[in-house]
Amino acid sequence: MRIDVVSIFPEYLEGLRLSLIGKAIDQGLLELGVHDLRAFTVDRHRTVDDTPYGGGAGMVMKAEPWALALERILDAAAAPGSLAPRDRLGEADEAAPADEAAAADAETADAVTAAGKPVLIVPSPAGPVFDQRTAEELAHADHLVFACGRYEGIDQRVLDWAQERFECRPMSIGDYVLNGGEVASMVMIEAVTRLIPGVIGNPESLAEESHEDGLLEYPIYTKPASWRGHEVPEVLLSGNHQAIARWRRDRRLERTAEVRPDLLARLDDLDRGDREALD
Ligand SMILES: Oc1ccccc1-c1ccno1
């Protein structure tokens, strides 16, 4: 998978470098390009915003820099050998194509062209809410592009223009307001990339995670068995794997019923034991 992120604060994305994602880049499981939108401005003041038509507070991100940045990403991904796997975040690749062509990855272009249009994700409070199902869906994409808006947002015509070139996906990460799309992009990038085979060392750790199957995860414990008067539940020390599995399932059901009854309502595969745990 290749991921490109466009932002006026490319250094914001450095956090991705500190995680398993950085390791995945080193292993060649993932390519990550971070692009400074100001590198695609067309005036000497490197202007990225202007006042809104129709009046109102705040500023709107201008369309042209976005179109130039997105075209650059498309052209690079479609032309063999023009976008290198960028593993040094914060180095906005406004450099001329020539010095990136040298560090080519022809497979990237094939993957993008073979798989059709890249997915353009535009973090926005006005989008559908991103969830684990969305993460699982996007984990199968070959190329994700994140457009990190700031100010009051991006000129709508960018989305309209991008429709032909991308699968455009406005996306919210929850019902609250942020100052820009960078943090939302990092949340989604982490949730998606951890599902790529090989990124998480032990794939079994993905099973029974919260939201993986509609239930929240069970409480977990480690040594010592007795800590400041708090004991590990006896069943977990019993070695009885069937009893442990039942206990863990019961705790997941109870926790989900207590914290997220809305999730429980969606489940249609509860067995008799499950219902007894909930009574
Ligand atoms: O509030 C925002 C501002 C800009 C970009 C994204 C967001 C947002 C809020 C919730 N999910 O995304």
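**Close-up views of strand 1 and its surroundings**

**View 1. Pairing of strand 1 with strand 2.** In this predicted model, strand 1 and strand 2 (residues 31-36) run parallel to each other and are paired over 6 bridges. Within this pairing, I3 has L32 of strand 2 as its bridge partner.

**View 2. Pairing of strand 1 with strand 6.** Strand 1 also pairs in the parallel sense with strand 6 (residues 143-147), in this case over 5 bridges. The bridge partner of I3 in strand 6 is L144.

**View 3. The two faces of strand 1.** In a regular strand, side chains alternate between the two faces of the sheet. In strand 1, R2, D4 and V6 lie on one side and I3, V5 and S7 on the other, and all of these residues are buried, which leaves both faces covered. Because 6 of the 6 residues of strand 1 (residues 2-7) are buried, the strand is largely enclosed by the rest of the structure.

**View 4. The largest nonpolar core.** This core has 33 residues, of which I3, V5, I121, F130, L144, F146 and M188 touch the most other members. Among the elements that give two or more residues to the core are strand 1, strand 5 (119-123), helix 5 (132-138) and helix 7 (181-193), and helix 7 gives the most, with 6 residues.

**View 5. The surroundings of V5.** Leaving aside residues up to four places away in sequence, V5 touches L13, L32, G33, V34, H35, F146, C148 and I189. A second, separate core of 21 residues includes M61, L74, I154 and L159.

Technical notes: Residues numbered from 1 in each chain as written. Predicted model: local features only at pLDDT ≥ 70, side-chain atom pairs only at ≥ 80, totals over all residues. Heavy atoms only, no water. Buried < 20%, exposed > 50% of the residue type's maximum accessible area, 1.4 Å probe, protein only. Helix = DSSP H or I, 4+ residues; strand = E, 2+ residues; numbered from the N terminus. Pairing = 2+ DSSP bridges. Core = buried A, V, L, I, M, F, W, Y, C linked by side-chain atoms within 4.5 Å. Contact = heavy atoms within 4.5 Å.
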